[in-house]
Amino acid sequence: MIFLRKVFWVFPVLAGGLALGQARADAPGEVRFGVHVRPILSHNCMQCHGPDENHRKAKLRLDVESGLFGGSGDERIVAPGKPAESLLYQKITAHDPDDRMPPEESKKKLSADEIATIKRWIEQGAEWEGHWAFVAPKRPGLPKVQRRAWPRSPIDFFTLARMEANGLEPSREADRRTLIRRVCLDLTGLPPSPGAVERFVNDTDPNAYEKLTDSLLASERYGERMTLAWMDAARYGDSSVFHDDGVRFMWPWRDWVIRAYNDNKRFDKFTIEQLAGDQFENASLDHKVASGFNRNHGTTDEGGLIEEEYRVEYNVDRVKTTSNVWLGLTMECAQCHDHKYDPISQKEYYQFYAYFNINSDAGKQTRNGNSAPMVKVPSMAESAELQQRRDKVAAAKSERAKAKPTAQEMDEWIADHRASELPQPPKLGGWQFLGSFTGKNKDAAFKKDWGPEKKVDLAKEYDGKKWEPREYGDGKVHTVAIPENSAAYFYRTVTSAKAQEVMVSLGSDDAIKVFLNGKQVFANNASRGPAPDQDKAKLALAEGENHLLLKIVNAGGPAGFYFKLGGSALPENILALLREDVLNAGHISKLCDYYEKSQWPLGRELDARMKSAEKAVTDYDKSIVTVMTMGDLAKPRKTYVLSRGHYASPKKDEEISPGIPAVLPSLPEGAPAKRLGLAKWIADDDHPLTARVAVNRYWSMIFGAGLVTTVSDFGTRGALPSHPGLLDWLARDFADGGWNVKRMFKQMLLSATYRQQSAATSEQLHRDPENVFLSHAPRLRLQGEFIRDNALAVSGVLNGRIGGPSVKPYQPPRIWNEVALNGGLFYKPDKGAKLYRRSMYTYWKRSAPMPNMMVFDAPTREKCVIQRPRTNTPMQALVTMNDVQFVEAARVFAQRVLQQGGADFDSQLDYAFMLATARPADELRKRVFRNLYDSQLKEFSADAKRAGELLKFGETRRDESLDLARHAAWTTVASAIFNLDEVITKE
């Protein structure tokens, strides 16, 4: 198993790599406190004599200058130039175990080299240095080197100087086939096409490699590759993590990140928008979406939770993520107590925490979907459609506002209703009952038309059931025997002497629908017991016989209904006006106004048109995806130090204001006490950490390990930089060069250091087994997403769509069932092209992530991960040889080779190797794979059933014109190619 390096490297004094806290007593030159001594003290002494006041022994601090040089007389901790008079040196060399430091119970012991290093530092004057990472980087001069013709960029001067100081020589440049595959994988995560390889190999332009790099940086695939790494840091997922781990929709934020990288958004703006885009003045939709970075954390919807506990947990996560990602600090250690190794007090932790503590999101969030604050994120097509629908609303409102009834229409209506201000009571027929009809559930029974809803025929049977007369008195609640999740119908005639509108009063258990003359006029999918006057409905009766139908749906328990004719549909105040003996101008004005708004036929038609247009807007707007954003309370929440970090134990003796650790540069004058001020402070050109942390992360992405191997820890317990001057040069160049990410990658990729071959000589392995001095290129196992995407790309089925919702490729069907609350949630893979999208778009359920990605060390994304571990286990081979995605890819790859690779086996194998490795097969590989192919062809020719079963894997259709046995044999060969070390490794 290959673990990340956690090693300190001393520069420029020490000749080799040293383990944590070690130093060489015989090393020539100056011993520096920050480079040589502080790591020893940090590892062995700081836990008891460091920043944590609660655990500090003897009131002694060795992490600050005043403590290290404190004391007087015989009690001086460090007496410059006088080791024998320095209490520190006396204690670490004491013969008596009771006096010697570190004490035996600490299980720590200084080596002879470490003791000698401390002694030499004191002898040389004991000059103090602050921690290197907390001092703003300055651009150093380029080191002098002997092989001046080798460097292609400033980077190479720094790496070559380290090689030469350690007796190493750089390796020769990799051949072009290796180089194009390497740079394509690093910048896009995908292999080059055979055509692109040949064009590059045959390009005689001296700038051919630079042109290739520029084209890859301009590719949309670059944004995807960069976003995949950022998703780990941002703990991106498509589910909420805790309790039911329900669905959420954050993929529009992922699309924003892809666009930001492809547009080469400045890293300082990239930072500020994600930390505080919602706080911009007149913040755009993009700014708000960007702020979703700090809504990617896990949430819960559990009914019995303590909301404040989880609200605090969300903010704790934001502090950890922000400090890890941008500052490279383990600030989370100070949640419960002063940091034991870095100068960050618990109070300073809660000052940082205070920036997030005023966010308005709640501790309990929704189970399926997004929780406020959030914004809708329409696509361009959706925005256009929504605007068209809004335009229709505006047009309908304008038309309605301009339309006015004529004086004659109003006079006639008033005259007609004064002649008979109360409608003639209609005649009600007896009730007829039909039922009951059982549905899958209440909603299904409510929605389904069991037959009579369009037209009632009393002589007709419906599903074997006949109408039967029933006696129900009006104005009373009636209990009716209707089974659970069932519907029943109640019908009667209503005969009216004239066309008129009347009101009816209704009640029901549970849901109710009302139909008049075959048209639905009222519906309420309620859950309740029946009572008088629960609902009101208006019946527009035609002259003569009308057909009234009620539908009652019961969810469970007893069922029932209530019905009473309610008289005129006109409001009582209008009826009172119509009864007046004499109508004055005021009466007429009110009646005309009512007629225009409520009774005028054309007005009612225009109102209906306007409501329909508004409903179209509302319905379409509901379909548009949302994304969660940050957003603060109108009245800020107070922040206090939480005793032991416990949500319910605030120390209310002091209110904490937003702020940053004192060891770092102060906030700019006038900086707002909110996240926007914090974000601008982090993105300042001269911040000592931000640029260093960023370029170190970029370096680790292409070289496999950072110049600081602890990529998320630049504190005093983190690794020292292997090339301090190079790190500072890159950081200064990044900030001074406009925070240009593509430019930074181009500088690294064009360097001679990057272009070296990966094969190492025995001398290089002996002198530098971990390649810290970069005398050859790294050789690295690809991460899981790259391995799957390469298989899809090589086979020719990769779906190249950029962005959009997450998809569900092949996965065991019960993988979700095991973590579902009710045990009934089964994974349902997508169909068609969605199965073959890039792995970064795979639906990420954090309680049950994709098994094939987890085997290749993908994080669950419950918490921020800056750099994944890299392992090599037999389980990985089980995936690439047996996972349906890889078996299908192998058979489709085989089909592609048979269709496009030529007529004979050797040309087909060359084509397969060109697709998979960017080079044709050599004689050894041709011999081995010819033997494999011949043996498999013999097996499958004798057993057509086995061949057919192998070629059924996956949804992609097989070319039936291909010979079954040849296709199956080539599928085995293709699978073996996918599993070659040179295919799943970046050379």
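**Notes on the predicted model**

1. The structure holds 0 disulfides, where a disulfide is a pair of cysteine sulfur atoms within 2.5 Å. This is a predicted model, in which local features need pLDDT of at least 70 and side-chain atom pairs count only at pLDDT 80 or more, while totals for chains, interfaces and linings use all residues. Residues are numbered from 1 along each chain as its sequence is written, and side-chain values use heavy atoms, with hydrogens and water left out.

2. Cysteine 336 counts as partly exposed, at 27% relative accessibility, whereas cysteine 592 counts as buried, at 15%. Here buried means under 20% relative accessible area, exposed means over 50%, and partly exposed is in between, with a 1.4 Å probe and protein chains only.

3. Next comes the empty space inside the model. Rolling a probe the size of a water molecule over the atoms shows where empty space is left. The count comes to 8 cavities of 30 Å³ or more. A cavity is a set of points, on a 1 Å grid over the protein atoms alone, where a 1.4 Å probe fits but cannot get out, and its lining residues have an atom within 4 Å of a point. Grid points are joined across faces, edges and corners, and a volume is the space filled by probe spheres set on the points.

4. The largest cavity holds about 570 Å³ of space, and its lining is made of 31 residues, with Arg225, Met701, Gln783, Arg868 and Arg870 lying nearest its centre. Two or more residues of this lining come from each of helix H10 (220-233), helix H23 (690-703) and strand E18 (780-781), and H10 gives the most, with 7 residues. Helices (H or I, at least four residues) and strands (E, at least two) are DSSP runs, numbered from the N terminus.

5. The lining of the second largest cavity divides into 9 nonpolar residues, 1 polar residue and no charged ones.

6. Turning to the aromatic rings, the count comes to 49 aromatic pairs. Rings of Phe, Tyr and Trp (its six-membered ring) pair if their centres lie within 6.5 Å, and planes under 30 degrees apart count as stacked, over 60 as edge-to-face and the rest as tilted. Phenylalanine 734 and tryptophan 739 form an edge-to-face pair, with 5.2 Å from centre to centre and 70° between the planes, and both of these residues are buried.

7. The charged end of arginine 837 is 4.1 Å from the centre of the ring of tyrosine 841, and arginine 861 lies over the face of tryptophan 844, at 4.9 Å from the ring centre.

8. Some details of the backbone deserve a careful look. Most residues other than glycine have a negative phi, and most peptide bonds are trans. The peptide bond from methionine 101 to proline 102 is cis, with omega near 0°, and proline 102 has its place in the loop between helix H4 (87-92) and helix H5 (112-123). Another cis peptide bond joins glycine 435 and serine 436, with omega about -5°, and serine 436 lies in strand E5 (residues 431-438).

9. Although alanine 126 is not a glycine, its phi is positive, at about 50°; alanine 126 is found in the loop between H5 and helix H6 (154-165) and is buried, with a relative accessible area of 4%. Tryptophan 739, also not a glycine, has a positive phi of about 55°. Tryptophan 739 is found in the loop between helix H24 (724-736) and helix H25 (741-750), and its relative accessible area is 0%.

Key. On a 1 Å grid over the protein atoms alone, a cavity is a set of points where a 1.4 Å probe fits but cannot get out, and a pocket is an open set with protein on both sides within 12 Å along at least five of seven lines; lining residues have an atom within 4 Å of a point. Ala, Val, Leu, Ile, Met, Phe, Trp, Tyr, Cys and Pro count as nonpolar, Asp, Glu, Lys and Arg as charged, and the others, Gly among them, as polar. A charge sits over a ring if NZ of Lys or CZ of Arg is within 6 Å of the ring centre and within 35 degrees of the ring normal.
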